[in-house]
Amino acid sequence: MKILAAILTILVLAGSAAWAVDPSEMLPDPKAEARAEAVGKGLRCLVCQSESIEESNADLARDLRVIVRERIAAGDSDSQVVDYVVSRYGDYVLLKPPFKLSTVALWLGPLVILLLGLVWATSMFKRADRSEPDALNDEETNRLKSLVEKDKS
Amino acid sequence: MNRLAYLLPLAVIAVLAVFFFIGLGRDPKLIPSVLIDKQVPDFTLAALPGRGDTGLSSADLKGHVTLVDIYGSWCIACEEEHPTLLAIKKSGDVPIHGIDWRDDPEQGARWLIAHGDPYTRVGIDPVPGRTAIDFGVTGAPESFIVDQNGVIRFKYIGPITPEVWRDTLLPIVRSLRK
């Protein structure tokens, strides 16, 4: 139990240490800074790829953080900032892929497969409920009888 | 139920396996550029000290096919491609313009003296590398083939090798000249 608690503590601390934003990069207005962080968390670092630009120490991620904050300070809306980056790097830069025609299979595929599975499973269960086994024929009745007799003796 | 229906899950797995197998061979670092067939971004970059040119701007990319190379003196892979760029300059196949990305001007100038200078014009893109970001650059070196009208026609990620130049980039440059 103690070990578990220690592991959890380390994980939580490690999580907070992964924050890469330098205090000098932050916007003076906490509200604007919070918006910048929220936008940045949705943008992929192009160098490390599985981190957002808020988490990454890569130079390019830092540059993008600076630019996101500049645009927010200049009065851009969140979606304008995202569009600015997407127009240069494509949808790839979004950690959460957008819902559009080319990504329909990505978003709805799992749901469709789940529904198909449910339909299939219910039809299987229904069949199992309905079908009664055929009655034993003469040969089987005799064999059953002899087995029961054998067991008794 | 049709007996073939039992093979359906197997067929689904087989199709998925094919997709995943293709996916295994793909390099996740190769991000398709959204800027292909678009006008080069507007930029004006200052010159490196002592180089004698006036820097590089988007206007310099019009009128002829050019290779725009984004590099930096801090970039090891750029040293690797440098001999190829020098050979291209010698061949006179296409003018190469350099964007010295996230570099210190003095250091950038020294690097070109030390390693040779294949560039017609060089512009320095200081931190936070706005022009490189406008080009959708993910790392150095990256190179763009820009046509006579200033439209980006091809992007190559990574160091240009003699083979890449001969088999991929040069044919594109030649076809754009026509």
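**Exercise 1: the disulfide**

Task: work out which handedness the link of B:Cys75 and B:Cys78 has.

Solution. Start with the angle: there are 90° about the S-S bond, and the link of B:Cys75 and B:Cys78 is right-handed. Keep in mind that you're looking at a predicted model. Next, check the distance: the sulfur atoms of B:Cys75 and B:Cys78 are 2.2 Å apart. The cut-off for a disulfide is within 2.5 Å, so the two cysteines form one. Finally, count over all chains: the structure holds 1 disulfide.

**Exercise 2: sorting cysteines**

Task: decide whether B:Cys75 is buried or exposed, and do likewise for B:Cys78, A:Cys45 and A:Cys48.

Solution. You need one cut-off here: buried means under 20% relative accessible area, and exposed means over 50%. Take chain B to begin with. B:Cys75 has a relative accessible area of 4%, so it is buried. B:Cys78 has 1%, so B:Cys78 is buried as well. Now go to chain A. A:Cys45 is at 1% relative accessibility and therefore counts as buried. A:Cys48, at 27%, counts as partly exposed.

**Exercise 3: an overview of chain A**

Task: find how many helices and strands chain A has, and what share of its residues is buried.

Solution. Count the elements: chain A has 6 helices and 0 strands. Reading along the sequence, you get the pattern α-α-α-α-α-α. Then turn to burial: of the 153 residues in chain A, 26% are buried. For the surface, the accessible area of chain A is about 10,800 Å², and carbon and sulfur atoms account for 64% of that.

**Exercise 4: a glutamate in chain A**

Task: say where A:Glu33 is placed and which residues A:Glu33 touches beyond four places away in sequence.

Solution. Locate the residue: A:Glu33 is in helix H2 of chain A, which covers residues 30-41. Then list the partners: leaving out residues up to four places away in sequence, A:Glu33 touches A:Val21, A:Met26, A:Leu27 and A:Arg69.

**Exercise 5: rings and charges**

Task: find which ring the charged end of A:Arg44 sits over, and which residues form an aromatic cluster with B:Phe43.

Solution. Begin with the charges. The charged end of A:Arg44 sits over the ring of A:Tyr92, 4.5 Å from the ring's centre. A:Arg88 lies over the face of A:Tyr84, 3.7 Å from the ring centre. Now the rings: over all chains, the structure holds 5 aromatic pairs. In chain B, B:Phe43, B:Phe135 and B:Phe144 form one aromatic cluster.

**Exercise 6: a loop and the confidence of chain B**

Task: place B:Pro126 in chain B, then find where confidence in chain B is lowest and where it is highest.

Solution. B:Pro126 is in the loop between strand S5 (121-125) and helix H4 (130-134) of chain B. At 47% relative accessibility, B:Pro126 counts as partly exposed. B:Pro126 and B:Asp103 are 23 residues apart in sequence, and their C-alpha atoms are 6.0 Å apart in space. As for confidence, chain B has a mean pLDDT of 92, with 97% of its residues at 70 or more. Confidence is lowest in helix H1 (residues 8-24) of chain B, with a mean of 90, and highest in strand S4 (residues 96-101) of chain B, at 97.

Definitions and conventions
Residues numbered from 1 in each chain as written. Chains lettered and ligands numbered in written order. Predicted model: local features only at pLDDT ≥ 70, side-chain atom pairs only at ≥ 80, totals over all residues. Heavy atoms only, no water. Buried < 20%, exposed > 50% of the residue type's maximum accessible area, 1.4 Å probe, protein only. Helix = DSSP H or I, 4+ residues; strand = E, 2+ residues; numbered from the N terminus. Areas by Shrake-Rupley, 256 points an atom, 1.4 Å probe, with all protein chains shown as cover. Phe/Tyr/Trp six-rings, centres within 6.5 Å; stacked < 30°, edge-to-face > 60°. Lys NZ or Arg CZ within 6 Å of the ring centre and 35° of its normal. pLDDT = per-residue confidence, 0-100. Contact = heavy atoms within 4.5 Å.
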